[in-house]
Amino acid sequence: MLWIKALHIVFIASWFAGLFYLPRIFVNLAMETEPAATARLLLMARKLYRFMSILAVPALALGLWLWLAVGIGQGSGWMHAKLALVVLLVGYHHVCGSLLKKFEQGSNTRSHIWYRWFNEAPVVAMFAVVALVVVKPF
């Protein structure tokens with residue numbers, strides 16, 4: 001079980017690296033006016049989104065294994081809250097994919113300031129998830 005936990009933490013940290021960095025690329029894309037720089041940023045964003053999507057699969061699968069097979073947190077309020085946040089993070093991941101498509105189509109309508117705020121969501125979510133898992137407040 002400790003190996004599963006360790007791998008879960010590694011894949012979660014790797015997935016979160018993408019969740020932190022991709023919106024930062026969006027900030028730069030929203031400010032960029034030079035076509036060559038935009039193309040380079042789009043290439044970076046596409047590769048990062050693809051890679052973070054791959055990383056999310058084992059992160060979520062290992063978490064599901066810990067929850068269902070091992071029984072960690074079953075019936076606990078903190079786990080229900082954590083799972084709700086995980087669902088929101090998966091949604092955030094998909095919103096990132098949708099925003100990337102808008103940038104690729106040249107149809108982005110949001111400002112770099114909006115993306116700066118959007119970029120903070122996974123930080124808040126990660127803090128909440130870690131607090132729930134470590135403190136188990138309810």
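How much space lies in the largest pocket? In this predicted model, the largest pocket holds about 650 Å³ of space. Helix α5, covering residues 121-135, is among the helices that each supply at least two residues of its lining. This briefing treats the pocket and then the helix.

**Largest pocket**

- The lining of the largest pocket comprises 25 residues, of which His8, Ile12, Lys82, Val129 and Val133 are the closest to its centre.
- At least two lining residues come from each of α1, α2 (35-70), α3 and α5.
- By residue class, the lining of the largest pocket consists of 20 nonpolar, 2 polar and 3 charged residues.

**Geometry of helix α5**

- The 15 residues of α5 should span 21 Å at 1.5 Å a residue, and this agrees with the model because the end C-alpha atoms of the helix are 21 Å apart.
- Just after α5, Lys136 adopts a positive phi of about 50°.

- Pro122, Ala125, Val129 and Leu132 are the buried residues of α5.
- These residues cover an arc of only 95° around the axis, and they therefore lie on the same side of α5.
- On the face of α5 turned away from the buried side are the exposed residues Val124, Phe127, Val134 and Val135.
- Val129 belongs to both topics: this residue is one of the buried residues of α5, and Val129 is also among the residues closest to the centre of the largest pocket.

Terms used:
Residues are numbered from 1 along each chain as its sequence is written. This is a predicted model: local features need pLDDT of at least 70, side-chain atom pairs count only at pLDDT 80 or more; totals for chains, interfaces and linings use all residues. Side-chain values use heavy atoms; hydrogens and water are left out. Helices (H or I, at least four residues) and strands (E, at least two) are DSSP runs, numbered from the N terminus. The expected span of a helix is 1.5 Å times one less than its number of residues. Buried means under 20% relative accessible area, exposed over 50%, partly exposed in between (1.4 Å probe, protein chains only). The arc is that of the directions from the helix axis to the C-beta atoms. On a 1 Å grid over the protein atoms alone, a cavity is a set of points where a 1.4 Å probe fits but cannot get out, and a pocket is an open set with protein on both sides within 12 Å along at least five of seven lines; lining residues have an atom within 4 Å of a point. Grid points are joined across faces, edges and corners, and a volume is the space filled by probe spheres set on the points. Ala, Val, Leu, Ile, Met, Phe, Trp, Tyr, Cys and Pro count as nonpolar, Asp, Glu, Lys and Arg as charged, and the others, Gly among them, as polar.
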